[in-house]
Amino acid sequence: MINTLLELLQYSFIQRALIAGIFLGLLCAILGVFLVLRRLSLIGDGLAHVSFGALALGLAFGVYPFGVAVPLVIVAAIAIQLMIRYTSVDGDAAIGIISATGISTGIILASVSGGFNIDIYSFLFGNILAISSLELYLAIGLSGIVLSTIAVSYHELVYVTFDEEQAQISGINTTVIQTLISILTAITIVLSVKMVGIMLVSSLLIIPASSALQISSGFGETLRRASLLSITSVIFGIIIAFVLDVPPGATIVLTNIGFFATILGIRLISDS
Amino acid sequence: MSIIQLDNLSVTIQNTPILSGVSLDISQGDFVGLAGPNGAGKSTLIRSILGLQPFTAETATLFDSPIRQFKDWHKVGYMPQKQTNKAKNFPATVAEFVLLGRLSTKHWPRIISAKDREAVNNQLTKLGIDHLANRPLSTLSGGQQQRAFLAKALVSNPELLILDEPTNALDPEIRSEFFEILQDLNQNHQVTIILITHDTGTIGQFANKLLFLDTKVLFWGDFQDFCADPSMSNYFGSSEQHHICHQHD
């Protein structure tokens, strides 16, 4: 068994997948805790759909898809926040409207352009085992920026997550913090699309956070446990996917779900 | 020293007047009981003072600075209503939660220092909940939670403390302990207090001033004056006025 694992680690594509997966798993877990607590879990789904449209746009015009997707998804994330803040549209509805805009644009572009169906398929379902060196460096670099930003603004993010008005009375510019969360979420979503695909990316934000919230007593502890569960799921998911020759994105998500179901089961039994 | 000065403050929300013509001057060391029926505009007034609610006014100052430009938020401790619901679903230990109250003393980047952690420990000790520092906020009893909320409001050493119906869900014994803490802060530490309450029968034991609102100011002044004011007897009826004044030492 150990020999098989060591053998796996000899492959450079496995090394790239594991390194990128660990960074992105950490990123999604930490950001996911803030989003789940703010009841914005589905923003991941909505922005993933927008990234579908943005990636299709990039492919249609022959531009590097992630170069198009990152700014467009950031704009979409900010648009959702603005709609929630300044109109009477609810959060769920705002996410749904932006999400529909993104996916319908993507479908029309894919249909009109033709020719890039295979590329779009890879974005829909993801394949971390096919991650290139450039994508790995991009994932590490952007993850570093996002994680550093979270570290510097950590207490402001926690306060806004608990209660936006109280944070405002403490002199925190809550509009800046909201915008920051939107930008960080957008970058994280686009980066994670390669790992698990548009269809499953929101699960990386929601499931580790939801698992950790079942078993943690403090905020710091929740972040640590969500990160641990997420990274473990990524590592196990990649190895299982390679050994069984099944899609890695779905395997990572199912491993996460396995942890969640186990934790929830133990919690329900111990509470009864 | 004037802590809050309002002259002709009015609030209109979606073309509905919520407050009109509120004028008052709260001085350092005052303990103000803010009472009135549901929908009287009590919370709206507090939100206006805290800069959360747009308003019109001839004068509206906090610590002699116009409210809209006010920056020294560490001077203000605020304990809002309905924090219990938020605390129920928020994964924070008591110490983590109270630490958030220190953020008003800082500017970006708000880095937490050993001094901040010490201030949290001291505040928890003062309120007798230091043994709960590592307990999840959501697992505390109602009285313990109120102390944790108060600790967060006090950890920046505010000169003004605003509390929105803090004792609603507490049993009489814990409510009495809570009021004693407030009285100590007011009398021995010169903290100015504004307390929104429906408990008009108790507030007179602690507050030296009463602000009674019903979309406009019905009474603002010393408690003794309220009790002797015949126009208040006409408004409340002498029985209700007596009930409010009865508990006042």
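Predicted model: local features only at pLDDT ≥ 70, side-chain atom pairs only at ≥ 80, totals over all residues.
## The interface between chains A and B

The size of an interface is often given as the accessible area lost when the parts come together. Here chain A and chain B bury about 2300 Å² between them. Carbon and sulfur atoms account for 63% of that area. Chain A puts 24 residues into the contact, and chain B puts in 27 residues. On the chain A side, the most area is lost by A:His155, A:Phe162 and A:Ile169. Together these three make up 32% of what that side buries.

Polar links also cross between the chains. Ten residue pairs are in polar contact between chain A and chain B, counting pairs with both residues at pLDDT 80 or more. Three elements of chain A each give two or more residues to the side that touches chain B: α8, α9 (164-169) and α12 (219-244). Of these, α8(A) gives the most, with six residues.

## Salt bridges

Three salt bridges are found across the interface of chain A and chain B. A:Asp163 forms a salt bridge with B:Lys86. The closest N and O atoms of A:Asp163 and B:Lys86 are 2.6 Å apart.

## Two buried serines

A:Ser153 sits in a loop of chain A, between α7 (133-152) and α8 (154-162). Its relative accessibility is 4%, so A:Ser153 counts as buried; the cut-off for buried is under 20%. Beyond its neighbours within four places in sequence, A:Ser153 is in contact with A:Leu180 and with B:Trp108 of the other chain.

A:Ser211 lies in helix α11 of chain A, which runs over residues 201-215. Is A:Ser211 buried or exposed? A:Ser211 is buried, because its relative accessible area is 1%. Setting aside neighbours within four places in sequence, A:Ser211 is in contact with A:Leu229, A:Phe259, A:Phe260 and A:Ile263.

## A nonpolar surface patch

Chain A also carries a nonpolar surface patch of about 490 Å². Its members are A:Phe61, A:Val63, A:Tyr64, A:Leu134 and A:Leu138.

A:Leu134 is one of these patch residues, and it lies in helix α7 of chain A. A:Leu134 has a relative accessibility of 53%, so it counts as exposed. The cut-off for exposed is over 50%.

Note on methods:
Residues numbered from 1 in each chain as written. Chains lettered and ligands numbered in written order. Heavy atoms only, no water. Helix = DSSP H or I, 4+ residues; strand = E, 2+ residues; numbered from the N terminus. Buried < 20%, exposed > 50% of the residue type's maximum accessible area, 1.4 Å probe, protein only. Contact = heavy atoms within 4.5 Å. Patch = residues over 30% accessible without salt bridge, like charges linked within 9 Å, V, L, I, M, F, W, Y side chains within 5 Å. Areas by Shrake-Rupley, 256 points an atom, 1.4 Å probe, with all protein chains shown as cover. Salt bridge = Lys/Arg side-chain N within 4 Å of Asp/Glu carboxyl O. Buried area = accessible area lost by both parts, 1.4 Å probe. Polar contact = N/O pair within 3.5 Å; in protein donor to acceptor, adjacent residues only side chain to side chain.
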